[in-house]
Amino acid sequence: MDEFELLVDLHGGAARQGPGSEHATRQAIALCGLEGKTGLRIADIGCGSGASTLVLAKALDAQITAVDLFPAFLEQLEANARDAGVADRIDTLAASMDALPFADAQLDAIWSEGAIYNIGFEAGIRAWRPFLKPGGIIAASELTWLTHERPVELSQHWEREYDQVDTASAKIALLEKHGFQPIGYFPLSEECWLDNYYRPLQQRFSAFLERHRHSDTARQIIAAEQAEIALYERYRAYVSYGFYIARKVGE
Ligand code: SAH
């Protein structure tokens, strides 16, 4: 297995592949103003095994296209959707988020939790905006500095991993620059990281290492995850995901 396959294997068994919660998804749904509307068309981009997709399917009257690069996550999502009784509202699509097959002005909302960083927040909002109907909603969570200043060790780590990490005000300015009216922002809570993402992930480490006979790549992956978790635990006051909700302005 190459590194990507190992990462899919490590994260595949989980309920979610990044920080978040049902509560946070519902909070973003409440802000986006789509509740009560009927026949919505939504894409959930970088959906993983569908933590947010299932919440959207339950909360809104919508047909949802769940998009991920890795078919293994989508198969899991389909099984989860069947169990939750919402399979008829969800179609899956294996595609890359920088080459999506949607038509212009097709979607009422684009959802993306913990995934837009794969192409970068600015590139993502630019590339996806045409798919939205006028007045359509983008709701995306994105790594965010919670404070104006922060410890050097933390800055250096995240700037190396994701050079677009920035403050909420900078992300909101990007939304405005690229034709969106910001309508909501909130940071994800510590529970979203620790209880819902890192703790369940840690519980899978030893079985993962055994499955892959402690190969060098498997051990490197676990070491990197452990370092990231330790950094989060130490510096959680300075960094989180921000949830950004914005409405498309103009055509
Ligand atoms: N939204 C999910 C998953 C977040 S993890 C959740 O909150 O649990 C990021 C997801 O982005 C992973 O599922 C990964 O497979 C997917 N991904 C990575 N690169 C991608 C790309 N280029 N196009 C589409 N999806 C991608």
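## A ligand and its protein surroundings

At 9% relative accessibility, Tyr-235 counts as buried, because buried is the term for residues under 20%. This tyrosine belongs to helix α10. Its C-alpha atom is 39 Å in space from that of Gln-63, and 172 residues of sequence separate Tyr-235 from Gln-63. The model described here is a predicted one, and every distance and area discussed below has been computed from it.

In the case of Met-97, a backbone N or O atom lies 2.8 Å from a nitrogen atom of the ligand. For Glu-113, a polar backbone atom is likewise found 2.8 Å from a ligand nitrogen. Leu-69 also contributes a backbone N or O atom, here at 3.3 Å from a nitrogen atom of the ligand. How much of the ligand's surface does the protein bury? Taken alone, the ligand exposes 580 Å², and the protein buries 92% of that area.

Attention may now turn to Arg-16. This arginine is placed in the loop between α1, residues 3–12, and α2, residues 22–32. Is Arg-16 buried or exposed? With a relative accessible area of 13%, Arg-16 is buried, since the limit for that class is under 20%. A polar atom of the Arg-16 side chain lies 3.0 Å from the backbone oxygen of Gly-18.

Strand β2, which covers residues 62–68, contains Val-67. The relative accessible area of Val-67 is 1%, and this residue is therefore buried.

Thr-144 lies in strand β5, which runs over residues 132–145, whereas Ser-240 is found in strand β8, residues 239–248. Although 96 residues apart along the chain, Thr-144 and Ser-240 have C-alpha atoms separated by 5.5 Å. Thr-144 counts as buried because its relative accessibility is 0%. Ser-240 is buried as well, with a relative accessible area of 1%. To which residue is the side chain of Ser-240 joined by a polar contact? The contact is made with the side chain of Trp-193, at 3.0 Å.

Ala-105 has a positive phi of about 55°, although it is not a glycine. Its position is in the loop that connects β3, residues 90–94, with β4, residues 107–112. At a relative accessible area of 39%, Ala-105 is partly exposed; this class lies between the limits of under 20% for buried and over 50% for exposed.

His-214 also has a positive phi, of about 50°, and is not a glycine. The loop that holds His-214 lies between α9, residues 205–211, and α10, residues 216–235. His-214 counts as partly exposed because its relative accessibility is 43%.

Methods
Residues numbered from 1 in each chain as written. Predicted model: local features only at pLDDT ≥ 70, side-chain atom pairs only at ≥ 80, totals over all residues. Heavy atoms only, no water. Polar contact = N/O pair within 3.5 Å; in protein donor to acceptor, adjacent residues only side chain to side chain. Areas by Shrake-Rupley, 256 points an atom, 1.4 Å probe, with all protein chains shown as cover. Helix = DSSP H or I, 4+ residues; strand = E, 2+ residues; numbered from the N terminus. Buried < 20%, exposed > 50% of the residue type's maximum accessible area, 1.4 Å probe, protein only.
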